Amino acid sequence: MLEFCGVNFKNPMVIASSPLTSEVKWLIEAEKHGAAAASTKLAFIRQPFYGKLRMHTYKNNASIICYDRRKDMEESLRLMEEGKKKTNLVLFANITNDGRDLDGWSLLAKKHEEAGADFIEANMVCPNVGLSTKNIKGEEALSNTEQGGAVTGQDPERIEAIVKTLKESVDIPVVVKLTPNVADIGVTAKAAERGGADAVCLAGAQTSLPLVDIYNNGRPKYHLLNGVSHGSLGGPSTKLMCFSHVANIAKKTNIPVIGGGGLETAEDCIMMMMWGARLVTVCTAAMWYGWEVIEKQVRGMEEYLEKMGYKSYDEFIGMSLQYLRSSSELEALEGWPTVDMEKCIGCGKCAKPGHCDAIEMVDKRPKVYPERCLGCGICIAQCPTGALTMHVEQ
Ligand SMILES: Cc1cc2nc3c(=O)[nH]c(=O)nc-3n(C[C@H](O)[C@H](O)[C@H](O)COP(=O)(O)O)c2cc1C
């Protein structure tokens, strides 16, 4: 059990807004597999165009979402009402207003609160509303119906004004899901805090372009679209960037953070929490591998608590932030690799790094020259059998 903005969660797992949360049957699956909460599929008052799910998928690496079928408000309200009736999930209403007015935000929030939403999640993250236009044609090309999503999430003044409006409109907590496509996420997170946000959420969504076919005029390798937009990145390749963004927010604001992006295992979720997230979100892993992933993550987190003797998640949230310092404050320790010859298979991978001659292969065995070690640790990462470890000089 943990508390978040005054609401009790049975565990930290939130299913991220996506096709996984676009129908009641999936919300039921989410609950069945142990999730505490879900964020419903993005709703507009009336969506500017009707997309379909179109995405590039790179196994073990990433997804790029060019667009998806979103919800008009009436559909979204039905989903919220039914979701609350048929599950005990905590539900976040993921909303965005594509116009320049504040009234649209207010209407969406009020209606979703009436429909039973536990949280408003203001979507200032989706690049498929206006950012894909801005990235190609510039800010001045944005139309009145291409506001909202990530375009809004790049503008601290707008974020603050919208959050103020949302807070005046509803009694339930307001979370802002921020775009990472900014110079410093700490600045936009602070703007949300100034507006009165109860929490912020950060999870993937770096704009990205896909691989192309170099033997076919550079055509993107995906055929169910006539072109490609700067789409939204999800999946394991975003995880380390998201750790950094979440820690940045955790250090600079006094409101809780929801963290996601590439979380595939319980260990990933725990690490995200150690970097400052109070709740975690998962999308790509469950889309790729099925709902069992959620069950494993939830069970794994519970087992971790027990194994470590922690009474609650609070005991380790933000634990890694104590190690965070600016690079000028870091002190380099000296060391070099040592080899366990019983595990070594003589493959020579450790002697390959192009910038280093600290290891030479002699009679198919690595010979280490400690004084030449540069400390990069690449030899250790490359060893297929775990024969190398780093000796740290005291
Ligand atoms: C197909 C697809 C549709 C998505 N739709 C939404 C959405 O409607 N609203 C939103 O805030 N995020 C949306 N996202 C982003 C996810 O909620 C999540 O933040 C992101 O994918 C990063 O997490 P992951 O690496 O676990 O996928 C979508 C992601 C995918 C893959």
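Author: A residue counts as buried when its relative accessible area is under 20%, and as exposed when that area is over 50%. Keep this in mind as we go through this predicted model.

Reader: Happy to. How many residues of helix α9 are buried?

Author: Helix α9 covers residues 266-274, and seven of its nine residues are buried, so the helix is largely enclosed by the rest of the structure. The buried ones are A266, D268, C269, I270, M272, M273 and M274.

Reader: What do the buried residues of α9 pack against?

Author: Their partners are the strands β1 (2-4), β3 (13-15), β16 (257-260) and β17 (277-282), together with the helices α8 (239-252) and α11 (292-308). After α9 comes G276, which has a positive phi, near 120°.

Reader: Now to the nonpolar cores. Which residues touch the most other members of the largest one?

Author: That core has 84 residues, and F9, M13 and F92 are the ones that touch the most other members. Take F92: beyond its neighbours within four places in sequence, its contacts include F9, V14, A37, M80, F119, V175, I258 and L279. A separate core of eight residues lies apart from the largest one, with C344, I359, V368 and L388 among its members.

Reader: Is I214 buried or exposed?

Author: Its relative accessible area is 65%, so I214 is exposed.

Terms used:
Residues numbered from 1 in each chain as written. Predicted model: local features only at pLDDT ≥ 70, side-chain atom pairs only at ≥ 80, totals over all residues. Heavy atoms only, no water. Core = buried A, V, L, I, M, F, W, Y, C linked by side-chain atoms within 4.5 Å. Buried < 20%, exposed > 50% of the residue type's maximum accessible area, 1.4 Å probe, protein only. Contact = heavy atoms within 4.5 Å. Helix = DSSP H or I, 4+ residues; strand = E, 2+ residues; numbered from the N terminus.
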